[in-house]
Amino acid sequence: MNKLNTHFFLLLITLLFFSSCGNSNKTNLKETPSEVTQTDDYATLRVSNAPQEMTENISGNVITLSEKDFIEQITTIDNPKGFRYLGKTPCIVELYADWCKPCWILSDLMIELAPEYKGKVIFYKLNIDRAPNIVKAFNVENIPMILYFKPREKVANTVGLLNKGNLRKAINDLLLND
């Protein structure tokens, strides 16, 4: 009888463990309630085709985006014609993760450089662990990655840790040259 109870108990624990592990890749709706509410990955992230008046933050600060913010303010990710920047002021978006040490260094550099470009370039950052649709759309394989958006031009990117001089050069060459 004791052996039967032990086996039943182990079976119950195993079932509970596997049922909880099977849900580990689902979005925690308490963390990001407005970002994912349906099973279609893009369903709640689409932006209507109606023109929207958007106020850009040109404060010279680094702005943290959610996946939903990215799609509403930067570019839609399911446009068959490709990515179209929705803003008027050029911007950079750092794709990072909290566990990535080079990302920490790059984030600090962005905080230092953002005030220099106040009114000319908007600085954003997006945590890839909270933006799986963006990771998929931009084929992000390595981080840190910076996306450079300029109105009416194709998106450019750099991958890896840039020093301050190289980051400044990339911003000037990719976003501010005409």
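**Close-up 1. Arg-168 pairs with Glu-116 in this predicted model.** Arg-168 makes a salt bridge with Glu-116, and the closest N and O atoms sit 2.9 Å apart. (For a salt bridge, a side-chain nitrogen of Lys or Arg has to be within 4 Å of a carboxyl oxygen of Asp or Glu.) The pair links distant parts of the chain: Arg-168 belongs to helix 5, while Glu-116 is in the loop between helix 3 and strand 3 (122-127), 52 residues apart. Helices (H or I, at least four residues) and strands (E, at least two) are DSSP runs, numbered from the N terminus. Arg-168 is partly exposed, at 28% relative accessible area, and so is Glu-116, at 41%. (Buried is under 20% relative accessible area, exposed is over 50%, and partly exposed is in between, with a 1.4 Å probe and protein chains only.)

Two notes on reading these views: residue numbers start from 1 along each chain as its sequence is written, and side-chain values use heavy atoms, with hydrogens and water left out. As this is a predicted model, local features need pLDDT of at least 70 and side-chain atom pairs count only at pLDDT 80 or more, whereas totals for chains, interfaces and linings use all residues.

**Close-up 2. Glu-112 bridges to Lys-164.** Here the closest N and O atoms of the salt bridge are 2.7 Å apart. This pair also links distant parts of the chain, with Glu-112 in helix 3 (residues 101-113) and Lys-164 in helix 5, 52 residues apart. Glu-112 counts as partly exposed at 42% relative accessibility, and Lys-164 does too at 30%.

**Close-up 3. Lys-169 meets Asp-173 within helix 5.** Their salt bridge brings the closest N and O atoms to 2.6 Å. The two residues are four apart in helix 5, so about one helical turn separates them. The structure holds five salt bridges.

**Close-up 4. Trp-104, Ile-105 and Leu-161 form a nonpolar surface patch.** Together these residues have about 310 Å² of accessible area (Shrake-Rupley method, 1.4 Å probe; for residues, only the protein chains shown count as cover). (Patch residues have over 30% relative accessible area and no salt bridge; like charges are joined within 9 Å, and nonpolar side chains, meaning Val, Leu, Ile, Met, Phe, Trp and Tyr, within 5 Å.) Leu-161 comes from the loop between strand 5 (156-159) and helix 5 (164-176), and is partly exposed at 42%.
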